[in-house]
Amino acid sequence: MSSNRKRKADDDVDMSSSPSSSPAAQNRQLARPMKRYRANDITGRPLTLPRLLETLDAASLRSVLQQICERQPEIGAEVVRSAPRPSVTSAFQVLQEYQDKLQAAFPYGETSSDYAYYRVKTPLVNLLDALADFTPQYLPPNEQQATISLQYLDGATKLIHALPDWESQTYRHHKENAYDEISRAWALVINEAAKKGAGFVLHSGNWDQILAKHNQQSGGRLGSAISAMAANVGWVGGGPSGTSSPSHQQQQQQPSVLDDILSGNYGAPVRVGPW
């Protein structure tokens, strides 16, 4: 009796603890084992293009793009067509980087002019080359808005003012040539702007006064620009010292038709005689 009773208890325990006999176990789905990669599934491979581009900074990206465009000119042409026109601000951000490199190249302390020149010659030439490349972008007929052209020329002339003044005449040609180029650029923009609206942009923006100050600061090296402004707007200031011509007082006393339009006096009765 005791052995039968024990066997029955053992049977009851086995039945209650059996996973197959549990209703909850039958309704529960078995978890799938995690996928194990075989050793030969893991191998080195290059990054995908989107991930690779994420790792490139602006300078590296420009370098890669330039190399591709040089190897495949048709891609370069497409980039030129698709890229937005550079603003004056973006152009001067680039030019400012060249100017910073020029300033950083100057040696510390007092050194000979020759030593200083050869220390800065490369960044100086790089800045002037960049300036020469950017300038045509903002000249007519490529740039139709005179205000944008004049804003660029104003900033570019300030950059030239900041170039070093060398004691030796041998090294001065860089700055003198830059003044000559920018002066002719001013003259082109002024002559084209004068054809539109009687030179309204030139007169209303005080560009004659701005140019006169630039000419004075350059030591009178903007002769072509000054001549163009005087021919289209009126006398804008004199030679290297910034003195006015003898007729400057008379021209100031005789307002132009454009002056009358701006002041609202155009068409008003004109007094004749001494009374």
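Modeller: The model is predicted, so local features need pLDDT of at least 70 and side-chain atom pairs count only at pLDDT 80 or more, while totals for chains, interfaces and linings use all residues. Residues are numbered from 1 along each chain as its sequence is written, and side-chain values use heavy atoms, with hydrogens and water left out.

Biologist: How many helices and strands are there in the protein chain?

Modeller: Helices (H or I, at least four residues) and strands (E, at least two) are DSSP runs, numbered from the N terminus. On that basis the protein chain has 14 helices and zero strands.

Biologist: What share of the protein chain counts as buried?

Modeller: A residue is buried under 20% relative accessible area, exposed over 50% and partly exposed in between (1.4 Å probe, protein chains only). Of the 275 residues of the protein chain, the share that counts as buried is 27%.

Biologist: Is Gln-99 buried or exposed?

Modeller: Gln-99 is placed in helix α6. Not counting residues up to four places away in sequence, Gln-99 touches Leu-127, Leu-159 and Ala-162, where contact means heavy atoms within 4.5 Å. Because its relative accessible area is 12%, Gln-99 is buried.

Biologist: What is the volume of the largest pocket?

Modeller: On a 1 Å grid over the protein atoms alone, a pocket is an open set of points where a 1.4 Å probe fits, with protein on both sides within 12 Å along at least five of seven lines. Grid points are joined across faces, edges and corners, and a volume is the space filled by probe spheres set on the points. For the largest pocket, this volume is about 740 Å³.

Biologist: Which residues lie nearest the centre of the largest pocket?

Modeller: Lining residues have an atom within 4 Å of a point. α4 (58-71), α5 (73-82), α6 (88-105) and α7 (113-134) each supply at least two residues of this lining. Among the 21 lining residues, those nearest the centre are Arg-62, Gln-66, Pro-86, Val-94 and Phe-134.
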